[in-house]
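We will walk through one chain and then look at where it meets its partner.

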Amino acid sequence: MLSIKNLHVSVGDKPILKGINLEIKPGEIHAIMGPNGSGKSTLSHILSGKSGYTVTDGSATYQGKDLLDMAPEIRAREGVFLAFQYPVEIPGVSNVYLLKAALNSIRKHHGQSEVDAMDFLTLVKGKVRLLDMDEKFLYRAVNEGFSGGEKKRNEILQMAILEPKLCILDETDSGLDIDALKIVSEGVNSLRSPDRSFVMVTHYQRLLDYIKPDFVHVLAHGQIVKSGGPELALELEEKGYSWLEDAEASA
Amino acid sequence: MAVANSSQYLEAYADRFADLSEKSDSWLKQQRTEALAQFTATGFPKARDEEWRYTQLSALDKTLFLPAQKSASCAIDVEWLKNYQLADAWSIVLVDGFFSAELSQLDGLPAGVVVSSLAQSLADPKSALLIADKFNQAVNVDENGFVAFNSVYFADGVWVHITAKQILAKPIQIVHVATQASVAINTRSIIVADEQSQVQLIETFVGLEGAYLSVSVAEVFVGQNADVTLYKVQVESEKALHFGGTYVKQARDAKFRHDNFALGALIARSDVHTDLNLASECEFNGFYLGIKRQHSDNHTRINHLKPHGISRELYKGVLDDKARGVFQGRVVVAEDAQKTDSQMNNRNLLLSNDAEADTKPQLEIYADDVKCAHGVTVGQLDEKSIFYLQSRCVDEETARNMLTFAFANEMVDKVKIKSLHDVILGQVLLRFPQEGVNKEWL
């Protein structure tokens, strides 16, 4: 699904990622954990195509194609989905329109015809119920005036409708209370499938109680310093990040 | 071309003044004479006047616009007019500044409610008495040269009187149609909404083509507890000069809302002023769209004169090509106006390197227990929003178009009358600088 090899990324002259290697196979869930400033967000941004970063070395291959060479919208149409840490408010563009436009551009990208308006509404309304959202949200402007939890749910709603192959969840748990966290997690879990992979970027172990990862990677100072199974997250919760950072410093 | 400054206007308009004076009642004759003295002394505004420093007035020096003569209104294509005249409103149509009975639709107005030609109403002693009581009470002739010019030389306009407790089921639309080039059209509207009445009004300014001068002054009196909404849709011809002033007086507990769409004309200037009384509220919304070499100048003044007044103001501008947009918003809180709550915002979007926005919010606060805020922005589209849309499969160009249009559409969306909303949306789309703007985004 995704193969990251020796990826080096800088912002301006400052190196942020210093040789990331990561293999993600279909159906796997990978959690990327790490302290603030370790490069977690940079990794999710570079994979989704945000500008402002320079790749100085290495590669990221998605389904056999050079991911880093694609425009953000092409990545999205190819099935890469970034759930934002801070979803952006877009006054004047309705939620339902954006969903439809996005879905249709994916279909067009794959040579399919536009979705039937009635089928689309049925699909959307089903997903809205799944995420325990009010249908009114569909007709409001994208994220405008939504609470933190509503914004995150809206991200998962978009994900549920666009059915991406690679989902990158950037700090999805931040700003969520426990009820919202459950709903969002259930939404994500319902999307798990053998041909869909997830990369969850998170600071805390909390989210992993609800969404069980197959692999946990610890990012520190721009490198993956330790990889393991779900038990690694629990160890981090207990000991914090410093023992790994120290270990890396003394290595 | 002859240079025609204000004194040459005085000369060219001398016969008109004599003619209008002769036809006027003594009170109006006196008003016209005083206004003439004012106009003679000051002429049209000059760039050195602080309130006019951004306004381009040189066209008035270059061209002498003579008063429009009454033309046969049957020359107007009724089908074309339907693009602007709402079917579900009472409407009064002025063609080149003169009332057209055949184009107006005033059937079924509630008893006591008057919507009529100002000239005709001035000829009727009973209504003339009411008009005399209001004329130039919401504005002084020394406000600026255009108010003086209008007061001296207006021949017709509109008189609207909504009696107390009257809640109108349909809006009232005043349609100003310009059909001739190189003329001056000069109209006065006086709108009185008595206590506890409720009305929505629309002022539409539209022109066929060519350069003409459109000067209008509207005085609006909102009675105690009355609720008045006034939409202004300025879609003059693309060579026209438009100088339109709306001057409002609100009684205590009165509500007034003004939504201003400045889309047409080569040079347009709009002034919207209101005086707020005890616990009265006003909401000003504005949208100006400048393309090519358009110049759109938007001035507002909100005078909080008494305590507990509330004012909300949001003006947005989209400027492309070599267009220039100006916002000058002034909020004055008098010493007596404690507990005033005022917010003023102006946001501009520049789409080309040659476009320009000048913004000048002014707060003058003389009371000590008030809540006043203001903010302005001039800028480009938010890169974060563009990336967000891209990550939702939208290509960059479409994302930019979408966001630009959404920026404008926020103001269009505030229009509560469906038919009017659609007219304005159509007019915005017609002029919108970017191709490929999709109605479905809304």
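Before you start, keep in mind that this is a predicted model.

**Stop one: a helix pair in chain B.** Select residues 14-23 of chain B, which form helix α2, together with residues 26-42, which form helix α3. Their axes come within 8 Å and cross at roughly 155°. An angle over 145° counts as roughly antiparallel, so that is how α2(B) and α3(B) run relative to each other.

**Stop two: helix α10.** Next, select residues 396-412 of chain B, the 17 residues of α10. From first C-alpha to last, α10(B) reaches 24 Å, close to the 24 Å expected at 1.5 Å a residue. Centre the view on A406(B) to see a kink of about 25°. How many residues of α10(B) are buried? The count is 13 of 17, so the helix is mostly covered.

**Stop three: the contact between chains.** Keep α10(B) selected and bring chain A into view. The contact takes 19 residues from chain B and 21 residues from chain A. On the chain B side, α9 (383-390) and α10 are the elements that give two or more residues, and α10(B) gives the most, with six. Coloured by class, this side of chain B shows ten nonpolar, four polar and five charged residues.

How values were computed:
Residues numbered from 1 in each chain as written. Chains lettered and ligands numbered in written order. Predicted model: local features only at pLDDT ≥ 70, side-chain atom pairs only at ≥ 80, totals over all residues. Helix = DSSP H or I, 4+ residues; strand = E, 2+ residues; numbered from the N terminus. Expected span 1.5 Å × (residues − 1). Bend = angle between axes of the 7 residues up to and from the residue. Buried ≥ 20, exposed ≤ 12 C-beta atoms within 10 Å, placed from the backbone. Axes fitted to C-alpha atoms, helices over the stretch in contact; angles between N-to-C directions. Parallel < 35°, antiparallel > 145°, perpendicular 65-115°, else oblique. Contact = placed C-beta atoms within 7 Å. Nonpolar A, V, L, I, M, F, W, Y, C, P; charged D, E, K, R; others polar.
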